[in-house]
Amino acid sequence: MSRGNSSQAGIQQLLQAEQRAQEIVNQARKEKAALVKKARDEAEAEVNKYREERLKQFDDYSSTRVGSTDEYAKKLAIETEQNIAAVQTGIQSKKQEVIDMLLKSVANASLEVK
């Protein structure tokens with residue numbers, strides 16, 4: 001019977017060793033998951049920081065090279081007003097000439113049918 005108890009004790013030790021090994025593996029998995037999460041969070045933070053830096057560089061570049069949108073809109077509005085004023089001036093200067101030309105054409109119209 002001592003041999004039966006001995007093999008029972010051996011089996012018990014193996015089961016305990018297997019249980020401890022499983023606990024170690026589970027702990028290692030938890031630690032690995034925590035490390036992966038930490039690395040992912042750090043990488044995401046780094047990407048966000050880089051994105052913010054690049055956006056700031058782009059905004060700085062845009063404002064120095066192109067100017068702000070408001071400035072561009074004001075400049076465009078001024079140019080548009082100048083163009084409209086130039087067209088109005090052209091209309092006023094040619095208006096009487098066009099009217100005279102139309103009246104002359106109507107007055108000299110031929111009533112002949114061909």
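**Entry 1. Asp 41 and Lys 37**

I looked up Asp 41 and found a relative accessible area of 38%, which makes this residue partly exposed. I note here that the model is a predicted one. I then checked what the side chain of Asp 41 meets, and found a salt bridge with Lys 37.

**Entry 2. Asp 60 and Lys 56**

I asked how many salt bridges the structure holds. The count is 2, and I turned to the pair formed by Asp 60 and Lys 56. Their side chains meet with an N to O distance of 3.1 Å. Both residues belong to helix α1 and lie 4 residues apart, about one turn of the helix.

Is Lys 56 buried or exposed? I record Lys 56 as exposed, because its relative accessible area of 52% is above the 50% cut-off. Asp 60 is partly exposed, with a relative accessible area of 38%.

**Entry 3. Helix α2**

I next followed helix α2, which covers residues 69-107 and has 39 residues. From its first C-alpha to its last I read 55 Å, close to the 57 Å expected at 1.5 Å a residue. Where does α2 bend? The bend is at Lys 94 and amounts to about 45 degrees.

I also checked how well α2 is covered. The count of buried residues among its 39 residues is 0, and I therefore note the helix as hardly covered, buried meaning under 20% relative accessible area. Leu 103 is a residue of α2, and I find it exposed, with a relative accessible area of 56%. I took one distance from this residue: the C-alpha atoms of Leu 103 and Glu 79 are separated by 36 Å, the two residues being 24 apart along the chain.

**Entry 4. Glu 52**

I returned to helix α1 for Glu 52, which lies in that helix. Glu 52 counts as exposed, at 56% relative accessibility. I read a separation of 36 Å between the C-alpha atoms of Glu 52 and Thr 80, which are 28 residues apart along the chain.

**Entry 5. The whole chain**

I ended with the overall picture. The protein chain holds 2 helices and 0 strands. Its C-alpha trace spans about 140 × 50 × 15 Å along the principal axes. I compared the radius of gyration with that of a compact globule of 114 residues: the globule would have a value near 13 Å, but the protein chain has 45 Å.

What share of the 114 residues is buried? I find 1%. The accessible surface of the protein chain comes to about 11,100 Å², and carbon and sulfur atoms account for 57% of that surface.

How values were computed. Residues numbered from 1 in each chain as written. Predicted model: local features only at pLDDT ≥ 70, side-chain atom pairs only at ≥ 80, totals over all residues. Heavy atoms only, no water. Expected span 1.5 Å × (residues − 1). Bend = angle between axes of the 7 residues up to and from the residue. Buried < 20%, exposed > 50% of the residue type's maximum accessible area, 1.4 Å probe, protein only. Salt bridge = Lys/Arg side-chain N within 4 Å of Asp/Glu carboxyl O. Rg over C-alpha atoms; globule rule 2.2 N^0.38 Å. Areas by Shrake-Rupley, 256 points an atom, 1.4 Å probe, with all protein chains shown as cover.
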